[in-house]
Amino acid sequence: MKAFFALFLLAPLPVLADGEPVTYHRDIAPIIYAHCTSCHREGESAPFPLTNYSEVSRKARTIRRVTGDRYMPPWHANSEVTEFLNVRRLTAEQISRIDRWVSAGKPEGDPADAPDAPVFTEGWQLGEPDLIVTMAEPYEVPADGPDIYRNFVLPLDLAEDKWVKAVELRPSARGVVHHSLFHLDDSGTARQLDGKDGKPGFSGMSFRRSGSIGTYVPGASPRKLPGDLARPLPRGSDLVLSTHFHPSGKPELERTTVGIYLTDTPPARKLEELQVPPAFGRKAGIDIPAGEANFTIRDSFTLPVDVEAYSVSGHAHYLCTTMKMTATPPEGQGPPRILLEIPDWDLDWQDTYFFAEPLVLTAGTVIESVITYDNSRDNPENPHNPPKRVKWGRESTDEMGSITLAGVVLHSDEQRELRLSLQKQRTELFAALGRTLKDKKVLARLPAIVKRLDRNDNGILEESELPRRLREALLLRLDQDGDKSLDGSEIERLEKWLARIETGDES
Ligand code: HEC
């Protein structure tokens, strides 16, 4: 891993003396090939190719601007405080070299000085996948209009449990696919919603997610999980792609193909994802007054056992401005360290950042996230003009906020302890609700209460039939299929949950 990392850092450039002329072939092409062409070529996400002198010189002024302000190459983590793999960032020297080249009138120089053109793998980057699935029908993305969030259900029909080493997504219209999250659904709720509005897929996030096998963002290469690590893919699960489209100026048809790399062997240690705050910040108090320029949420989690961390990634919407996750070891075990710092959050580039070397975080380490938002008029990303109060929600004009640390327990016999802590973190979200229901002795009286609330006597508690004060929390905790009502099986879940609270198995 170390050698791989070093390759990316050692730019293959001779150092130029001040005043020495800069030419395209000798001095600029190596930068472009190493840092731009992977996206800026035919069939990739960037809007135009950068593969030769004429393409680069035509865009020279814009290139000077976007490299100067570090808009390109896209990379939002501070890689000076945390060492990551595959850092996409130019050095100050490379940026100034581009600037000098443009100022000097873009001299081409001698083609004999040019480095070899880069060779990119066509087709599957990791070789032939074990399982290939394609959307049944293409989805039409209009030429313009607002961004589209759409879920597509791809039945996998696996007869036995498998484990996923990597997923590679191949969009048919790469330029409009902004990012895609690979959810699993083992309950069939997504299938039920699929195509209801007459178009392939469905919108909204009200299906029951039972797991995740990764994400796709443009420009990030697919990567197999290290060692024996793999994510569970239980039999009977459907793959649900949650795709964000960005219209491109011309109508496009998207029919995504997904290649999945599998193994039959479950890993010795399970990859755990620690979200701080949990549930994308659902209970983190995200309620940002209109005009508030500096709104902050913070949350922390104490590791119960030693953890080996591999990667870190953030999630938020437009108003978010900065994110930071720090790890503070117990007293006397070294200084706090920054795991992720994003000084200028951009919803468009939600990368997963892999640590250059797996980080060992000892038991007792406090993982803290601090996330800030700007809901003022001065935030050019503000989707509301004039600004309005913004709360937590699933639409991109609502807000979310959390940072996810992925890793494994260092000692395999401590898996259960970490699991339990993570479960506790989630259930604490609903602890207050649980206490209220316990105090009111709801369990003993549940059948009578349901009967009374169910005014139309159809065996289902519709949203309007739920007590107003508890409505939102009850639906969040119990409404599995997202239809804003509690049916028989969901009421049964309430009963089981209350029973666990009574016996002290759950707070
Ligand atoms: C990870 C993929 C990726 C890499 C690497 C990348 N780009 Fe881009 N680039 C994009 C995408 C996607 C867009 C269009 C969306 C946008 O503007 O954010 C873009 C847009 C641009 C634009 C147009 C910006 C504007 O304001 O019109 C320029 C110029 C550019 N890139 C230059 C570069 C240069 C120079 C490099 C290398 C130093 C580079 N890019 C590396 C993906 C990439």
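The briefing below begins with the basis of the model and then takes up each topic in turn.

This is a predicted model, in which local features need pLDDT of at least 70 and side-chain atom pairs count only at pLDDT 80 or more, while totals for chains, interfaces and linings use all residues. Residues are numbered from 1 along each chain as its sequence is written, and side-chain values use heavy atoms, with hydrogens and water left out.

**Domains**

- The protein is divided into domain 1 (2–113), domain 2 (131–263), domain 3 (272–427) and domain 4 (431–502), with bounds that come from an automatic or database domain assignment.
- Between domain 3 and domain 4, the C-alpha centres lie 31 Å apart.

**The helix pair α9 and α11**

- Helix α9 (residues 442–453) packs with helix α11 (residues 488–502) at an angle of about 160°, and their axes are 10 Å apart; axes are lines fitted to C-alpha atoms, for helices over the stretch in contact, and angles run from 0 to 180 degrees between N-to-C directions.
- Because of that angle, α9 is roughly antiparallel to α11, a term for angles over 145 degrees.
- The crossing of α9 and α11 is right-handed, which is to say that the near helix is turned clockwise from the far one by less than a right angle.
- On the α9 side, V442, L443, L446 and V450 meet I491, L494, E495, L498, A499 and E502 of α11, where contact means heavy atoms within 4.5 Å.
- The residues of this contact between α9 and α11 divide into eight nonpolar, no polar and two charged, with Glu counted as charged and Ala, Val, Leu and Ile among those counted as nonpolar.

**Cis peptide bonds**

- M72 and P73 are joined by a cis peptide bond with omega of about -10°, and P73 is placed in the loop between α4 (60–68) and α5 (92–103); helices here are DSSP runs of H or I with at least four residues, and strands are runs of E with at least two.
- A cis peptide bond also joins V276 and P277, with omega of about -10°, and P277 is found in the loop between β11 (272–276) and β12 (287–288).

**Positive phi values**

- D157, a residue other than glycine, has a positive phi near 50°; D157 lies in the loop between β3 (148–155) and β4 (162–170), and counts as exposed (over 50% relative accessible area, 1.4 Å probe, protein chains only) because its relative accessibility is 62%.
- K441, likewise a residue other than glycine, has a positive phi near 50°; K441 is in the loop between α8 (431–439) and α9, and with 57% relative accessibility K441 counts as exposed.

Terms used: Angles under 35 degrees count as roughly parallel, over 145 as roughly antiparallel, 65 to 115 as roughly perpendicular and the rest as oblique. Buried means under 20% relative accessible area, exposed over 50%, partly exposed in between (1.4 Å probe, protein chains only).
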